[in-house]
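Here's a quick walk through one protein model, starting from a single residue and zooming out. Have the viewer open as you read.

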Amino acid sequence: DTIIVTVKVNQPPTAAAGSDITLTLPTSSVQLNGSGSSDPDGSITSYRWSRVSGPALFTINDSTAIKPTISDLSTGIYVVALTVTDNLGSSASDTLIITVYPPRNTPPIANAGPDQTIILPASSVVLDGSASKDNDGVIISYHWSQISGPSTGALDTPDSMSTNASGLVAGVYKFELAVTDDSLAVSKDTINITVGTGTRLVQVNIYAGSFPAGTGWNNWNVSSKLSSGALLYTDGGSSTISGVLSANDGVADNGSGYPVTMCPTEVGRTTCYCWNPRTLTLSGLDGNKKYNIDLYASRTSAYPGTFTIGSTTIVLDPTKNYTKKVTFTNIIPTNGQIAVALYGNYNYLNGFTLTENASTGSSSNALMTTTSAASLLSPDSTTELTVFPNPFRDQVQVQVRSENAGKVIVTLIDGSGRTLKQFAFTKGPGTMIKTLPVQNLPNGAAYLRVQTDSWIKTIMIIKQHH
């Protein structure tokens, strides 16, 4: 009898530890997977996971499982081996690499502080970056710099958390704070420093509900209400200032494209009017401040109007008045109020600008400045215009002090704005004095307006009884 004995060589298993793995803290664990391992002529009877190299700190929840979890990993590169054994005792190994990166850095948060406003003569401010922070580390450096402004401010310690900025002038400055954290990430923030003169504007457009003015303007619908309510400053801040118009007979539309230049087109387009004298009263003013008022009056066709505050009166012809405005300067409120008297047939008012705490100088493009009828018997060498004697009887003398030569027009106007007399002269360089025959002028107050190429001024004059 015979027997056949077949001897076969055992084929070893194949270990498959899986693909390499990359982690970024705070993720510190991952599941390993050896299920790709195989044995071509039998079966795998055991699995074993082990660390070959890398940080010593780690945990494998079951090193004999096909898919164990490795955790508590720290920054570094781990080499992990998987060894598998088949049913005939043969084994094989495979490795994978687990790379663990440190946490991604969160950039710091720069905080230059809230915007600030200072009023001259103050010219310095503290820039404070102490509110800056780094949520996953520390800030290692600070740096301040100026990125805009009317001049270069002096920064005492620009590489400190806080610094003093000095030498500031009127305008808006922008300073930048750059902070760097311990991972060298940089963050920036800016702060605006407004250096003011203490001057604030209240701008009012008088209209009937159509054609409101733009940003910064209060739109007062005088057709529905003669009191304005509290007005806003041009910077959007609230004020205690309000206006009351004693009367209004209507609002006229000057039409689209009305070519005003002393105020926005919307303000010049609509004008309110009244057949009788009326008063614009501004209340809620600060008695410790001085005010300027620019009043706008323009109409396609109109009668002259007069504007009076106290003893000062300005006469204006609103007819197609595209560029002129009535300006009163350095007014001190009485009991928190300023009252403007408006007089003349169909006295017109398109709007006004109230300047709070303004400088004492008047604007170069103002229509006219006025003086009251104070007693004056001789010329004044310090002013551009002198009328003397005032009061007068039969004649007055007009002195114009100016280095400019050119045409001079002198107009006598009564209280209603009607022209009584007009004179024209050609002036040479230097001072000019002219005598005006005014014996036929009616007794009482009138207005003498002098116009040159560069300015217009009006003075109240008084003719006395003989």
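Skipping neighbours within four places in sequence, L295 is in contact (heavy atoms within 4.5 Å) with L280, F307, K325, V326, F328, V340, L349, G351 and F352. L295 also belongs to the largest nonpolar core, which has 33 residues; L280, I293, L295, F307 and L349 touch the most other members. Such a core is a set of buried Ala, Val, Leu, Ile, Met, Phe, Trp, Tyr and Cys residues joined through side-chain atoms within 4.5 Å, and buried means under 20% relative accessible area with a 1.4 Å probe, protein chains only.

Bear in mind that this is a predicted model, where local features need pLDDT of at least 70, side-chain atom pairs count only at pLDDT 80 or more, and totals for chains, interfaces and linings use all residues. Residues are numbered from 1 along each chain as its sequence is written, and side-chain values use heavy atoms, with hydrogens and water left out.

Now for R269, which sits in helix α1, residues 265–269. R269 is buried, at 15% relative accessible area. Beyond neighbours within four places in sequence, R269 is in contact with F211, A252, D253, N254, G255 and S256.

As for the whole protein, there are one helix and 35 strands, taken as DSSP runs (helices H or I, at least four residues; strands E, at least two). Some overall numbers:

| Quantity | Value |
|---|---|
| C-alpha span along principal axes | about 170 × 50 × 40 Å |
| Buried share of the 466 residues | 41% |
| Contacts with a separation of 6 or more that join residues 24 or more positions apart | 63% |

Definitions and conventions: Buried means under 20% relative accessible area, exposed over 50%, partly exposed in between (1.4 Å probe, protein chains only).
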